[in-house]
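This briefing is meant to be read beside the sequence and the three-dimensional model. Please keep both in view while going through the points below.

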Amino acid sequence: MLLPVRRALLSVSDKTGLIELARALTKRNIEILSTGGTAKLLAEAGVTVREVSSYTGFPEIMGGRVKTLHPKIHGGLLGRRGVDEAVMRQHAIEPIDLLIVNLYPFAETVARPGCGYAEAVENIDIGGPAMLRAAAKNHEAVAVAVDPADYPTILDELERHEGCTTLATRSRLAAKVFAHTARYDTMVASYLGATHPAPAERFPNTLPLVFDKAQDLRYGENPHQQAAFYRDPVPRGASVSTARMLQGKDLSFNNIADADTAIECVRQFDECACVIVKHANPCGVSVAASALEAYDRAYRTDPTSAFGGIIAFNRELDAKTASAIVDRQFVEVLVAPVVCADAARILAGRPNVRVLELGDLRSSPTGELEYRSVTGGLLVQTRDTGSVSQSELQVVTRRNPTPAELTDLMFAWRVCKFVKSNAIIFARERMTIGVGAGQMSRVYSTRIAAMKAADEQLEVAGSVMASDAFFPFRDGLDVAAEYGIRAVIQPGGSKKDSEVIAAADEHGIAMVFTGMRHFRH
């Protein structure tokens, strides 16, 4: 159904493309109504514009809080063509055929450092969403746009249909409006639900969520699955979502998931560290004096798995390290807080290598919630930001760990947090020696860690071991002793703890409890 556009109301915060749109509408003899700053900008650009307050006969009041909340505005948007003309004439309500509105920049406002509660509340738009919803509800008669990217479509339609819009376009734009206002309301609800002076409610009865699509992905975990990547509209610290892509092909579904693991793991270390992730698990981690040394040692853990992996650093990626990586192995993604200019030039010779620059890793997105979908539902939890200090460890065996063993135990514990359960880490001199991940039995994870170490001719005897959860029986300690493990870090809390401790004592193994579990499924 084609309907002519004779009158348009323009009231926007984002002025992109506004003047060009208004001029094109004016050339078609479409009357333009507008408010406040939008009207002033159009008038200064030579566009003939009628102030809303002049049309309604009611001034803008309360500092602009009330300007479009008026029957002559909402009647013009909601009036049904062929039904409501008589009442519209009775009250001097003129139909509004086109509405161009976008809302106060709430997300941008609350994302600014130092934004106070009062400023945030003042940037909650009321009149804009009310007009948008009215126009979208009445899309059989009214075209409405919230996105400057849709202006050319509207103008093209007016050109092709002699000043009219089609129902198909009006319907599509209306759907976009309701998605836009839902997004806006969700951001406001999330902010108020988590901010003083409103009472904080971490898990509300209704969970408002909004994420903006960053990109369509070629496919999901497998080629037969469709996928897209969405970002939080209010970024919180350095992450895979906020990283700047310097070069390379678009990130895949699995690239993004693995890069997230690598970044969050390498973030755990204050010292210079390198993490290599393959298929959701760290396959090599090391702390060293330089990025190159950290990479060399991380790579040594499991060169086979490192092929095609994701490599993350918590220090600047320098030219020597970049050169060593691309000369030695195929890498899917390289991630660092900063990539120096010389390293960038080297990597440019390998255009398929994806390079992400994170910025300051100390700006951690702590306090966020994690979401995991299940069929018909959503699991929500706080991020696993739990940690223990060396002073909080409980020594439960007759033998105390040596200072060197304690250092390695703390290193292994940080890595273990990012390995799929049941997780076992062997480490020595702040380097992973073997990684056992994702097994149904902790004993088998231990054997796999030892097998991997043997494959790379890395000496396990004298190493330390970390377990993400307690040992339910002494067999885990007995197997560790077979390989020469000298110290163990684990949460404790098993009904059989006394038997596990006794096994450690029998083998001369030092063992400490953290009191904290790190399951990762």
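What follows covers aromatic contacts, charges over rings, a surface patch, strand pairing and salt bridges.

The model is a predicted one, and the values below are computed from it. A search of the whole structure finds 5 aromatic pairs, and the count of salt bridges comes to 32.

**Aromatic pairs**

- The ring centres of Phe106 and Tyr184 are 6.3 Å apart and their planes stand at 65 degrees, so this pair is edge-to-face, the class for planes over 60 degrees apart.
- Because Phe106 belongs to helix α6 (residues 106-111) and Tyr184 to helix α10 (residues 167-194), the pair ties together parts that are 78 residues apart in sequence.
- Phe106 and Tyr184 are both buried.
- For Tyr295 and Tyr299, the ring centres lie 5.8 Å apart with the planes at 45 degrees, so the pair is tilted.
- Tyr295 and Tyr299 both belong to helix α12 (residues 291-301), where they are 4 residues apart and therefore separated by about one helical turn.
- Tyr295 is buried, with a relative accessible area of 0%, and Tyr299 also counts as buried, at 15% relative accessibility.

**Charges over rings**

- Tyr299 has a further contact, in that Arg328 lies over the face of its ring, at 4.7 Å from the ring centre.
- The charged end of Lys72 is placed over the ring of Tyr55, at 4.6 Å from the centre of that ring.

**A nonpolar surface patch**

- Leu207, Leu209, Phe211, Tyr230, Tyr371 and Leu378 make a nonpolar surface patch of about 500 Å².
- Phe211, one of the residues in this patch, is found in the loop between α10 and β8 (212-217).
- With a relative accessible area of 36%, Phe211 is partly exposed.

**Strands and sheet**

- The pairing of β18 with strand β23 (residues 510-513) is antiparallel and runs over 2 bridges, with Val512 in β23 as the bridge partner of Val395.
- Strand β16 (residues 369-374) and strand β17 (residues 377-382) run antiparallel and are joined by 6 bridges, and the bridge partner of Leu369 in β17 is Thr382.
- The hairpin of β16 and β17 has 2 residues between the strands, and Gly376 takes a positive phi near 80 degrees there.

**Salt bridges**

- Side chains of opposite charge can pair when their charged atoms come close, and the following pairs are examples from this model.
- Arg81 forms a salt bridge with Asp97, in which the closest N and O atoms are 3.1 Å apart.
- This pair links distant parts of the chain, since Arg81 lies in the loop between α4 (71-78) and α5 (85-90) and Asp97 in the loop between α5 and β5 (98-101), 16 residues apart.
- Arg81 counts as partly exposed, at 26% relative accessibility, whereas Asp97 counts as buried, at 2%.
- Asp150 and Arg172 meet through their side chains in a salt bridge with an N to O distance of 3.8 Å.
- Here the linked parts of the chain are the loop between β6 (143-145) and α9 (151-160), which holds Asp150, and helix α10, which holds Arg172, the two residues being 22 residues apart.
- Asp150 is buried, with a relative accessible area of 6%, whereas Arg172 counts as partly exposed, at 40% relative accessibility.
- The side chains of Lys452 and Asp302 form a salt bridge at 3.1 Å, N to O.
- Lys452 is in helix α17 (residues 442-455) and Asp302 is in the loop between α12 and α13 (303-306), and the pair links these distant parts of the chain, 150 residues apart.
- Lys452 is partly exposed, with a relative accessible area of 26%, whereas Asp302 is buried, with a relative accessible area of 6%.
- Arg7, Glu31, Arg50 and Glu94 are joined in a network of salt bridges.

Key. Residues numbered from 1 in each chain as written. Predicted model: local features only at pLDDT ≥ 70, side-chain atom pairs only at ≥ 80, totals over all residues. Heavy atoms only, no water. Phe/Tyr/Trp six-rings, centres within 6.5 Å; stacked < 30°, edge-to-face > 60°. Buried < 20%, exposed > 50% of the residue type's maximum accessible area, 1.4 Å probe, protein only. Lys NZ or Arg CZ within 6 Å of the ring centre and 35° of its normal. Patch = residues over 30% accessible without salt bridge, like charges linked within 9 Å, V, L, I, M, F, W, Y side chains within 5 Å. Areas by Shrake-Rupley, 256 points an atom, 1.4 Å probe, with all protein chains shown as cover. Salt bridge = Lys/Arg side-chain N within 4 Å of Asp/Glu carboxyl O. Pairing = 2+ DSSP bridges.
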